[in-house]
Amino acid sequence: METVKTHAVHGGTLRYLKHDSAVIGTPMTLSVFVPSGGGPFPVLIWLSGLTCTEDNFTTKAAAYAAAAEHGVIIVAPDTSPRGEGVADDPSYDLGQGAGFYVDATQPPWAPHFRMESYVVEELIGLIDAEFPTTKARSVSGHSMGGHGALTLALRHPHLFRSVSAFAPISSPTRCPWGEKAFTAYLGPDREAWEGHDAALLIESGVGEGCYDDILIDQGDADPFLTEQLKPELLVQAGKAAGQTITLRMQPGYDHSYFFMASFIDDHIAFHAARLKA
């Protein structure tokens, strides 16, 4: 991986990186924070939301003081393939910047939009090869990335020790963002969508026994809460399946990174306790 730039922060090192992805077929970008010391360290993978690049979390979440304190590497990849020759759409919620952490099966998206395989098959291996990791990892994310964190953790529980999310798209088969993206990427057959819906996966028992708790923070002033996010569906699914889900409704908080910056320390501590257990 090529280091594009490096910053010292909270005693550790933050690197912006670029590499040619064999899975995606285009260059991909990411940031990696490594605490001070020789390690090895466990890893938290952060998945960002619609319109974001690797830079949104990196510059706005204020995560690195807690990561340094707990001795955790944080990896923040871009949210989709990009560049000339990559399919796109003029709307913000489809195409570049909106990969939805699935492997597209439909044209024109299928050749490059393979974000699930990118994260679980390529990114994890690259990080373990390039950085001093313990090979223990967790996953978290926001909005579309919260959907990605939940579904990847449920679909690949052998890869992750724990999972959390901020304002996740809890059931994309039952909201406009998810219906639009899944129709484009996965086709009109709604049965093909169900394997990428966190609430439905939990309800069906996928990941049963793998996670002692799933931490969700949601602002009650989030403008997308009722129509798009629907965290109550996660809680209902957890009750039906016996999966503990801690949903914290945070009064007055919206969908922005100010919300994440206010509670990211809790999430890093949540993951650190499980990564080091």
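**A mixed sheet, its covering helices and a buried isoleucine**

Helix H3 (residues 115-130) lies across strands E2 (12-20), E3 (27-34), E4, E5 (73-77) and E6. Its direction is at about 50° to E3. Helices (H or I, at least four residues) and strands (E, at least two) are DSSP runs, numbered from the N terminus. Axes are lines fitted to C-alpha atoms, for helices over the stretch in contact, and angles run from 0 to 180 degrees between N-to-C directions. Contact means heavy atoms within 4.5 Å. Helix H4 (residues 144-155) also packs on the sheet, where it touches E4 and E6. The direction of H4 makes about 130° with that of E6.

The model is predicted: local features need pLDDT of at least 70, side-chain atom pairs count only at pLDDT 80 or more, and totals for chains, interfaces and linings use all residues. Residues are numbered from 1 along each chain as its sequence is written, and side-chain values use heavy atoms, without hydrogens and water.

The open sheet has six strands in the order E1-E2-E3-E5-E4-E6, with mixed pairing. Strands E1 (2-9) and E6 (133-141) are the edges, each pairing on one side only. Two strands pair if DSSP finds at least two bridges between them. Strand E4 (residues 41-47) pairs with E6 in the parallel sense, over six bridges. Phe41 has Thr133 of E6 as its bridge partner.

Ile264 belongs to helix H9 (residues 257-275). The residue is buried (under 20% relative accessible area, 1.4 Å probe, protein chains only), at 2%. Beyond its neighbours within four places in sequence, Ile264 contacts Trp46, Phe57, Ala61, Ala62, Ala63 and Phe166.

How values were computed:
Buried means under 20% relative accessible area, exposed over 50%, partly exposed in between (1.4 Å probe, protein chains only).
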